[in-house]
Amino acid sequence: MSSDDAVEARGVQSNPVETPGGPAMAHRPRSVFGWLTRIRELNILIALVLLCALLAFLSPVFFTANNLLGVARAFSLTAIAAIGQTMVIITGGIDLSAGSIIGLSSLSTGLLLVAGWPSVPAILAGLAVGTAFGACNGLLITRLGLPPFIATLGTLSIGRGLIYVITQGYPVTAPRDPLLLQIGQGYLGQVPMPVIIMIVVTIVATIFLSRSTLGRYIYAVGGNEEAARLAGINVNRVKMFVYTTSGFLASISGIILLSRLVSAQPTAGLGQELPVIAASIIGGTSLVGGEGTALGAVLGAAIVGVLENGIVLLGINTYAQQVVTGAAILLAVGLDIWRKRRARRVA
């Protein structure tokens, strides 16, 4: 170990809970409501508000209660999966299998309900399938040493292939179970249940990332993996956790999707990786790791959802959605790179 590494290790080990990742931890939110003082989230929120104001001006239908709640219900599936994706990207990884996990967990629950399983065991089994796929991603990366891109690309193909093999291309219509219907189609007052689930997941993830030791370790691994390892952090265990969590949260989106459609479609979740990753990146998560928040992921998903809704309301060709999403990703990443270069010049 060089003298510089030794100094860095001693500095980190002196207070491993407070600053396990060194300078990277300066970007960690300090409290549940710490986003109020974080310029990045404020910028994203301002962009969302301006976008909503523009669409309200162009289309009077946009600012109706039914449309806004419909938009929130639509992007809640993306937001929930994007929170798990954000944890993965914070560690410097990527999860391309989110769409396949959404489809596979939806299909698993649907098949078990058709087979006569009660709703609760069937839903738990669907969640277990998605969580297991996420854990497989973690094992491939931590045990076999595969790059995250390759490992999750492989499981993406495996999961989608399993869906097609099992369904033979035909949808599986689930029984109209009251509990299942409540998850995706129910309301709490005037608020759709998927939005309530998204809010709960966001609050829990924000508290976890900002308050727990493991949450701080996630930022530390992404900020400086070697320094985190020298500080005594089990890097592989942290990576296993984030990939497993990503699979679990994607499976929640899959169950909600099944509830909304009352059918497990072979194409469920197909291509959903792009909106999930886009929501995380647009929400301020840095692709190099060490930065990102659950709230940012939700705001990013909201921007993607509002853009898609605006395209429909304004009568623009729906194929333009992917063009707009891709442009938003390039803009977000470009701004992130510009911000980092400017910070280095100032320093």
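Analyst: Let us begin with accessibility: a residue is buried under 20% relative accessible area, exposed over 50%, and partly exposed in between, for a 1.4 Å probe and protein chains only. Gln168, with a relative accessible area of 58%, is therefore exposed. As to provenance, this is a predicted model, in which local features need pLDDT of at least 70 and side-chain atom pairs count only at pLDDT 80 or more, whereas totals for chains, interfaces and linings use all residues. Residues are numbered from 1 along each chain as its sequence is written, and side-chain values use heavy atoms, with hydrogens and water left out.

User: Where does Gln168 lie, and what is its phi?

Analyst: Elements are named from DSSP runs numbered from the N terminus: helices are H or I runs of at least four residues, and strands are E runs of at least two. Gln168 lies in the loop between H6 and strand S1 (172-173). Its phi is positive, about 55°, although Gln168 is not a glycine.

User: Is Val262, which also has a positive phi, buried or exposed?

Analyst: Val262 is buried, because its relative accessible area is 9%. Its phi is about 55°, although Val262 is not a glycine. The residue sits in the loop between H11 and strand S4 (263-264).

User: How many residues of helix H12 are buried?

Analyst: Nine of the ten residues of H12 (residues 273-282) are buried, and the helix is mostly covered. Among them are Glu273, Pro275, Ser280 and Ile282. Just after H12, Gly284 has a positive phi of about 105°.

User: How is the packing of two helices described?

Analyst: Two packed helices are described by the angle between their axes and the distance between the axes. Axes are lines fitted to C-alpha atoms, for helices over the stretch in contact, and angles run from 0 to 180 degrees between N-to-C directions. Angles under 35 degrees count as roughly parallel, over 145 as roughly antiparallel, 65 to 115 as roughly perpendicular, and the rest as oblique. The axes of H3 (residues 65-90) and H13 (residues 294-313) come within 8 Å and cross at roughly 140°. H3 is therefore oblique to H13.

User: What is the handedness of the crossing of H3 and H13, and which residues make the contact?

Analyst: A crossing is left-handed if the near helix is turned anticlockwise from the far one by less than a right angle, and right-handed if clockwise. The crossing of H3 and H13 is right-handed. Contact means heavy atoms within 4.5 Å. On the H3 side the contact includes Asn67, Phe75 and Ile83, and on the H13 side it includes Val298, Gly305 and Leu313. For composition, Ala, Val, Leu, Ile, Met, Phe, Trp, Tyr, Cys and Pro count as nonpolar, Asp, Glu, Lys and Arg as charged, and the others, Gly among them, as polar. The contact of H3 with H13 has twelve nonpolar, five polar and no charged residues.

User: At what angle do the axes of H9 and H11 cross?

Analyst: The axes of H9 (residues 213-223) and H11 (residues 235-261) cross at roughly 105° and come within 10 Å. H9 is therefore roughly perpendicular to H11. Leu214, Tyr217, Ile218 and Val221 of H9 meet Val235, Val238, Lys239, Phe241 and Val242 of H11. These residues divide into eight nonpolar, no polar and one charged.

User: How is a pair of aromatic rings described, and how many aromatic pairs are counted here?

Analyst: A pair of aromatic rings is described by the distance of the centres and the angle of the planes. Rings of Phe, Tyr and Trp (its six-membered ring) pair if their centres lie within 6.5 Å; planes under 30 degrees apart count as stacked, over 60 as edge-to-face, and the rest as tilted. By this rule there are two aromatic pairs. Phe62 and Phe63 form an edge-to-face pair, with 5.7 Å between centres and 75° between planes. Phe62 is buried at 1% relative accessible area, whereas Phe63 is exposed at 52%. The rings of Phe208 and Phe241 have centres 5.4 Å apart and planes at 40°, so this pair is tilted. It links distant parts of the chain, with Phe208 in H8 (residues 193-211) and Phe241 in H11, 33 residues apart.
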